[in-house]
Amino acid sequence: MIIEDIKRRSLNLLNEREDDFKVVDFSFALPYSYVLVESNGKKALGVAMTLLEEYRGHRNKKIDINKIDVEDFINMADSLDTVERTLGLAAINAVSQYYFNFEANGIDAAELVLNREDIKKVAFVGNMVPVVNMLKKFGNFNIYVFERSPSLLMDGVLSDSFEYRLLPEMDAVFISGTTLLNDTLDFVLERAKNAKLKILVGPTAQSLPDLFKGFGITHIASTKIMDVDKALLYLKFASSSMLFKGASRKYTIEIK
């Protein structure tokens, strides 16, 4: 599974760099869970969307909260417990943000397909309303939006059960980073293997591009947190929009 490979690569990265990370803060929260780490006086914040519909409580804690470290969090990334899994991916994202040395270029994911004549059918695995609306406004595509969460199954949105049939027909597929959390990324990439573009999208996809090499993903479109303290404050107030507008910058990176 991809999440298992990403976990292993993240742990290898920690061993290679040998930075002494300390977990400063963490929370399983709405709409994003987060892990805040610090090393050498530098803080980094990683987030992961909280899939509330999958939450079933968390009674059997496998870790000693008083002694937890970054490796403990990362080792939870492939757990079957949604709390552990979410915090594990947020920790991977926090470490990735610490080592992030790419330009946060401000490019929106939609720009990858606009004005491309060879792309006609576009799928969204996850209802990414802003990107969908941009393509509808500025492009001429046949758009298919798949969604699992009942709260986002609005008019024109298909159940994710139709992905199996339709994804092989797509020219481009925008894939929510939450597929890392519900273990559907492997399936989506297999069914979408004919697509020219397979773009992993959203704050949950903050991990370093090198962690995703070899899986078939062509681009990552996520966000670099520029002001950790401001972003953390907004997260504590359950704000998602200000995480982007007030404390971070979008980027789109090709995986080579």
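Author: Helices (H or I, at least four residues) and strands (E, at least two) are DSSP runs, numbered from the N terminus. The model is predicted, with pLDDT of at least 70 needed for local features and 80 or more for side-chain atom pairs, while totals for chains, interfaces and linings use all residues. Residues are numbered from 1 along each chain as its sequence is written, and side-chain values use heavy atoms, without hydrogens or water.

Reader: Why is Ala48 called buried?

Author: Buried means under 20% relative accessible area, exposed over 50%, and partly exposed in between (1.4 Å probe, protein chains only). Ala48 has 0% relative accessibility, so it counts as buried.

Reader: What makes Val47 buried?

Author: Its relative accessible area is 0%, and the limit is under 20%.

Reader: Which residues does Val47 contact, beyond its neighbours within four places in sequence?

Author: Contact means heavy atoms within 4.5 Å. With those neighbours left aside, the partners of Val47 include Tyr32, Ala90, Asn93, Pro203, Ile225 and Leu235. For Ala48, with the same exclusion, they include Tyr32, Thr86, Leu89, Ala90 and Leu181. In space, the C-alpha atoms of Ala48 and Thr178 are 7.7 Å apart, although 130 residues separate them in sequence.

Reader: What makes a set of residues a nonpolar core?

Author: The members must be buried Ala, Val, Leu, Ile, Met, Phe, Trp, Tyr or Cys residues, joined through side-chain atoms within 4.5 Å. The largest such core here has 57 residues, and Val173, Leu180, Leu200 and Phe212 have the most contacts inside it. Helix α3 (residues 82-99) gives the largest share, ten residues. A second, separate core has 21 residues, among them Ala110, Ile119, Leu135 and Ala221.

Reader: What does Phe212 touch, residues up to four places away not counted?

Author: Phe212 touches Ile6, Arg9, Leu180, Leu200, Ser207, Ile217, Ile220 and Ile255.
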